[in-house]
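Look at the model shown here.

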Amino acid sequence: MFIAIAIVLGVASLIGGYIAIHHEKLPVAIIASGLVSLFASVIFLLLAAPDVAMTEAAIGSGLTTLIFFYVLNKIRQRND
Amino acid sequence: MIKKILIIALLAGVGLIFFDLFNAYQGNETLSKTANYYAENGAKDVGAANLVTAIVVTYRGLDTLGEVTILFLAAAIISFALKFRKEDFIPNRPVRITSELLDSASQVIVPIIFMVGIYIFINGHLTPGGGFQGGAVIASGVLLMIMANPNFGISHKVIATVESISGIAFVLIGVLGIVLAGGFLDNTILPLGKLGDLFSAGVIPVIYTFVGLKVGAELSNILVTISHAQNEKN
């Protein structure tokens, strides 16, 4: 059961990573990279590291995603 | 052609190095000597139910001080790099109207997120998590506030005051350890108490409260600064 969940999460992170690199639309890529962090935090939880999972969920999928969006917004403003 | 061969050779070399690492890897059947010491004497020496916290705050307390310093430097450098002149500031930049759902939900959820963050760092010595995690959770509450109201800002004075008071308190507690107990950041200057109580484990809860406030203030400052930089005229 544990291995099955871990494999599903691992494959999902790989797909998320691929989308984050290769998707044409940047907002989609940013969301995908946030999702990878979210899957990673669940994997940390399964591996009995709840404190690392908390940090990853809050910083990896929360703060970093918003910062990416702000940077994207700024770049678009400059290019207009 | 030569470039491609070089790339392939490089990849093969890296693969060889990692294969060696992978091949030589053996899982530890028993704890190493240091880990064994922590596992056996951690509860007795430090009095914290959460061994990770015991190691992070007491045995490796100096490293934690270094980490907090690095985070402070990062926040300071971001503020410095994103500084712009007052004339370039657009007071109320046009923003998309926040959805009703996000606006209403944020008013209900933000206090709960703050409470969870504070719970995490106050109970750092009992339950998983600690100052850094609690601070990160508090910062994600600030993030939700910024998302609900993009022109929201926190006064830099408040952030600077919270941040510097907690930093100074952390170092002062460390110095008190030299004066009253065995050395820098020794946590026995307060009674160890009963294992598992809220008021136990010496100064760990106190230090983690300050670390939590400091990390929360720094991460919120990064968010507020970056959000503020959106108002710069191009």
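How are α4(B) and α8(B) oriented, roughly parallel or roughly antiparallel to each other? First, the ground rules. This is a predicted model, in which local features need pLDDT of at least 70, side-chain atom pairs count only at pLDDT 80 or more, and totals for chains, interfaces and linings use all residues. Residues are numbered from 1 along each chain as its sequence is written, while chains are lettered from A and ligands numbered from 1 in the order in which they are written.

Now the two packed pairs. Helices here are DSSP runs (H or I, at least four residues), and strands are runs of E of at least two, numbered from the N terminus. Axes are lines fitted to C-alpha atoms, for helices over the stretch in contact, and angles run from 0 to 180 degrees between N-to-C directions.

| Pair | Angle | Axis distance |
|---|---|---|
| α4(B) residues 61-81, α8(B) residues 204-229 | about 20° | 9 Å |
| α1(A) residues 2-22, α2(A) residues 26-46 | roughly 160° | within 8 Å |

The angle of α1(A) and α2(A) is roughly 160°. That makes them roughly antiparallel. The angle of α4(B) and α8(B) is about 20°, and they are therefore roughly parallel. The cut-offs are under 35 degrees for roughly parallel, over 145 for roughly antiparallel, 65 to 115 for roughly perpendicular, and oblique for the rest.

Which residues touch? Contact means C-beta atoms, placed from the backbone, within 7 Å. In α4(B), the contact residues include B:V68, B:L71 and B:F72; among those of α8(B) are B:V211, B:K214 and B:E218. By class, this contact has eight nonpolar, three polar and two charged residues. Ala, Val, Leu, Ile, Met, Phe, Trp, Tyr, Cys and Pro count as nonpolar, Asp, Glu, Lys and Arg as charged, and the others, Gly among them, as polar.

In chain A, α1(A) residues including A:L9 and A:G16 meet α2(A) residues including A:V36 and A:F39. That contact has 17 nonpolar, four polar and no charged residues.

Chain A has three helices and zero strands. Buried residues make up 21% of its 80 residues. Buried means 20 or more other C-beta atoms within 10 Å of a residue's own; exposed means 12 or fewer, and partly exposed lies in between.

Chain B has buried residues too. In α7(B), they are B:E163, B:S166, B:G167, B:F170, B:I173 and B:G177. Their cover includes α4 and α8 of chain B.

Finally, the chains meet: 15 residues of chain A are in contact with 17 residues of chain B.

Conventions: Contact = placed C-beta atoms within 7 Å.
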